Structures are given as structure tokens and as C-alpha cells.
Amino acid sequence: MSVIVSIPSLKPSMDSDMDGTTCLFDFFSFKPQDDTKDKPTYGDTECVITSILRVDCDSAFLYLWVYIHQLIFQKMKHISILVPDGDSSLSNLEATFKMFNMTNKALERAGKLPLFSTHLVGTHKKARSSNGLFSIIPNTTIEEIDKTDLIIIPAIHGDYKEVVAKNGAFIPWIREQYNKGAEVASLCIGAFILAGTGLLDGKECATHWLAAREFREMYPKVNLIDDRIITDENGLYTSGGAYSSLNLNLYLVEKFAGREMAILSSKIFEIDISRISQSPFIIFKGQKSHSDEEILKAQEYIEQNYQDRITIDGLSQKMALSRRTFERRFKKATSNTVIEYLQRVKVEAAKKELEKGRKTVNEIMYDVGYNDPKAFRVTFKKITCMTPVEYLNKYN
């Protein structure tokens with residue numbers, strides 16, 4: 001047990017004034033320890049005194065009321081950070097564990113009780129290897145946890161189907177805990193394990209944009225929002241790629257510990273608390289992992305001629321398809337409408353030029369086939385969540 005409990009002692013301290021005009025009381029902070037010997041106890045738990053707060057009579061009952069109120073009404077959140085079998089993201093595990101525990105320390109410094117009881121949870125307690133360099137050892141197992149409040153699933157690398165199959169023992173446990181009232185968060189491609197539970201069916205989900213195609217193939221019932229940093233629906237949270245998991249951790253800290261603690265954590269870890277989109281980081285790949293030959297030809301034509309005026313009617317005629325059939329097949333193959341695809345190709349070309357920094361925004365606008373600055377700016381911001389000028393300033 002790692003909970004710190006503040007218990008007031010109603011015995012006057014040795015420093016009490018002899019005339020009785022100023023009676024002092026000591027408030028002790030006890031930390032339960034499993035391995036302590038000959039230490040004070042609270043109930044059946046051996047403890048070590050971690051701090052003493054000395055107050056006068058006028059303040060004693062106020063402090064007593066505050067501590068009792070915290071003990072009764074502030075329930076600690078039991079957090080289970082999963083340690084899957086396979087090549088887990090050490091950065092996900094370490095950063096998540098540290099952020100919640102540093103929030104506890106900040107709460108203690110503010111005179112409050114810690115809020116999070118954080119555990120590394122596996123299906124067994126054997127060490128796992130991360131990147132072949134680091135070993136991760138869970139401190140408890142799913143069999144030892146009857147109820148938890150929040151489950152966090154880190155990213156785990158490798159073949160996605162194999163990852164889910166290898167960690168199948170987590171699936172029924174996650175579902176059971178969710179049905180008992182637990183909330184569940186996935187970080188980056190940890191979304192594959194969460195989706196494997198079926199809990200995300202019909203709900204929004206974020207994951208790393210590089211894994212979007214494979215995710216849609218494995219979980220067609222999930223509404224993947226591949227440009228989002230965070231989703232939050234019915235006690236299920238997901239985050240976008242890589243270090244955007246830190247933004248989800250901040251989001252959870254804010255939800256459970258308040259805005260003030262989230263802002264403090266963002267400053268300590270130097271994380272932008274306002275990030276909501278991973279759009280600026282997406283590299284448009286063209287979405288060509290399908291077998292529709294006519295649509296592949298249409299995609300290639302768009303990518304080679306995006307500077308020109310391209311119409312849906314003109315493209316459908318080139319592919320010898322009716323407009324309705326062409327649009328339906330294009331959306332099915334690429335997950336974009338024809339117009340959306342054309343816009344993304346143009347914006348991707350503009351991003352590459354902006355990153356070089358050799359041309360003005362207006363020059364690049366004309367190069368990619370736009371004549372209206374407002375239309376270009378609106379489309380660019382819709383896809384990247386930044387204006388062209390903001391993107392230029394950030395990446396050049």
C-alpha cells in the first residue's frame with residue numbers, strides 16, 4: 001500500500017505552554033509500510049511518520065475537519081497501467097506512471113491527500129523486454145485486482161494482429177472492469193488492444209495516423225478519427241500517435257485532479273495543454289492499399305496534375321465510369337471523397353514547400369492550384385488545424 005494518510009493527534013504536544021493559554025496539537029502524516037519494524041500503527045497497518053504539522057487550539061479543529069472531510073469524501077483513484085507482453089512503449093509506461101505520481105506529490109505540497117494509487121499490471125510478474133534494451137516488471141497481476149478505477153493501455157509495437165492475440169488475456173478483464181465502472185484509456189497504438197475488447201464499436205477512437213489503414217481493416221465498426229489527439233466517449237479515452245499520449249495524461253489529470261493540477265503538470269513536463277489535433281504531423285500517403293485499379297489510376301492522375309483544374313465529371317469520364325459509381329468506389333477505396341482527396345494532395349504539396357521556406361505563402365498557393373487566398377487558408381487550416389503562415393513559422 002502506498003497511500004499517505006494524515007491523522008490528527010489530539011494529545012497536546014510537549015511544547016504546550018505551562019499556563020494553558022496556548023495549547024498546541026500535532027498532526028502526523030503516516031505512510032503505511034509493508035516492511036517496517038517497531039513503527040507506530042494505525043489500525044492494523046504499520047506506519048512511518050512522514051511529517052508533523054503543529055497548530056494552535058484555534059486552528060486544530062479546522063484542520064481536523066479538513067482532514068476528516070478528505071478521508072471520507074476523497075476516494076483514491078486506483079490506476080492500472082497495463083504492461084502487455086511484447087515490445088511495449090517504455091516512454092508511455094514511464095511518463096504515465098510519473099505524471100500521476102508527481103500530481104500526488106503536488107497535492108501533498110498543497111496540504112491535500114494524494115489522489116492516485118498507481119500500479120503496473122500484467123498477466124504475470126515476469127519481466128518484459130522493451131526494444132531489447134530495457135526490462136519492465138509489473139508489480140501486480142490482473143488476477144490480484146478485483147476492481148480498478150482507470151485502466152491505461154500503452155502502445156505496443158509489432159504486427160497488430162499478433163499483438164492483440166498475444167495479449168488476449170487482458171481482453172475479458174478489461175471488459176469486466178469496464179462493466180464494474182472502470183474507465184479505460186489507450187495510448188497511441190494501444191487502441192488496437194482496446195478495440196479488441198469490442199468496447200469501441202460504434203464509438204470514436206484515435207490512434208497513430210500511420211496505423212489508420214490497418215486499424216480500419218481490423219476494426220471496421222469503430223469510428224476512427226485519425227486526425228484527433230484525444231477522444232472521450234462513455235468512459236473510454238484514446239490518444240493519437242507517439243507523445244500525444246502525454247496530452248491524454250494531462251486530460252485525465254485535469255478530469256480527476258482539476259485544472260490547476262493539469263496546468264502545473266503541463267508546466268513541469270513542458271507539454272502544450274491546448275493541443276487537440278495531430279493533423280499538422282500527418283504525412284499524407286495517398287491511401288493506396290486497395291485493389292480498385294480504376295481508382296488507383298484516378299489517384300495517380302490527381303497527384304500528377306493537382307495544379308490543374310480537376311473536376312469529378314472529368315475524372316469519372318477518364319475512368320469510363322458514371323459519376324455516381326466513381327464517387328462511391330473512390331470513397332470506399334480511400335475513405336475520402338474525391339474533393340477531400342484532391343484537397344489533401346494540394347495541402348500536402350503546400351506543406352512540403354512551406355517547410356523549405358523558399359517561397360511566399362501566396363506563391364505556394366498558386367503553385368498548388370489555388371487562386372483565392374481565403375479558400376486556400378480555410379482548406380489548409382481544416383486539414384492541418386493551422387493556417388499556412390502558422391505552419392511556415394512552426395516548421396521552417
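Two strands are taken to pair if DSSP finds at least two bridges between them. Helices (H or I, at least four residues) and strands (E, at least two) are DSSP runs, numbered from the N terminus. The model is predicted: local features need pLDDT of at least 70, side-chain atom pairs count only at pLDDT 80 or more, and totals for chains, interfaces and linings use all residues. Residues are numbered from 1 along each chain as its sequence is written, and side-chain values use heavy atoms, with hydrogens and water left out.

The protein holds 15 helices and 17 strands. Of its 396 residues, 48% are buried. Here buried means under 20% relative accessible area, exposed means over 50%, and partly exposed lies in between (1.4 Å probe, protein chains only). A contact means heavy atoms within 4.5 Å. Among contacts with a separation of 6 or more, 61% join residues 24 or more positions apart.

Seven strands build an open sheet. Their order is β10-β7-β5-β11-β13-β17-β16, and the pairing is mixed. Strands β10 and β16 (230–233) stand at the edges, each with a single partner strand, so one side of each has no neighbour in the sheet. Strands of a sheet pair through backbone hydrogen bonds, either parallel or antiparallel.

Strand β7 (residues 116–122) is mostly covered, with six of its seven residues buried. Strand β5 (residues 77–82) runs parallel to β7, and six bridges join the two. Within this pair, I79 stands opposite T118 of β7. I81 has L120 of β7 as its bridge partner. Strand β7 also pairs with strand β10 (residues 140–141), in the parallel sense and over two bridges.

Strand β13 (residues 183–186) is covered on both faces. E183 and A185 lie on one side, V184 and S186 on the other, and all four are buried. In a regular strand the side chains alternate between the two faces of the sheet. Strand β11 (residues 150–153) runs parallel to β13, joined by four bridges. L150 has E183 of β13 as its bridge partner. Three bridges link β13 to strand β17 (residues 236–239), again in parallel. In that pairing V184 stands opposite L236 of β17.

For the angles, axes are lines fitted to C-alpha atoms, for helices over the stretch in contact, and angles run from 0 to 180 degrees between N-to-C directions. Helix α2 (residues 90–109) packs on the sheet and touches β5, β7 and β11. The direction of α2 makes about 160° with that of β7. Helix α7 (residues 245–257) lies across β5, β7, β11, β13, β16 and β17. Helix α7 runs at about 150° to β17.

Two packed helices are described by the angle between their axes and the distance between the axes. The axes of helix α12 (residues 338–356) and helix α14 (residues 373–384) come within 10 Å and cross at roughly 90°. This makes α12 roughly perpendicular to α14. Angles under 35 degrees count as roughly parallel, over 145 as roughly antiparallel, 65 to 115 as roughly perpendicular and the rest as oblique. Helix α12 contributes Q343, R344, V347, A350, K351 and L354 to the contact, while α14 contributes F376, T379, F380, K382, I383 and T384. By class, the contact has six nonpolar, three polar and three charged residues. Ala, Val, Leu, Ile, Met, Phe, Trp, Tyr, Cys and Pro count as nonpolar, Asp, Glu, Lys and Arg as charged, and the others, Gly among them, as polar.

Most residues other than glycine have a negative phi, and most peptide bonds are trans. A320 is not a glycine, yet its phi is positive, at about 60°. A320 sits in the loop between α10 (312–318) and α11 (323–334). At 67% relative accessibility, A320 is exposed. C385, also not a glycine, has a positive phi of about 65°. C385 falls in the loop between α14 and α15 (388–395). With 37% relative accessibility, C385 is partly exposed. N305 belongs to the loop between α9 (293–304) and α10. N305 is buried, at a relative accessible area of 19%. The C-alpha atoms of N305 and L342 are separated by 9.8 Å, although the two residues are 37 apart along the chain.
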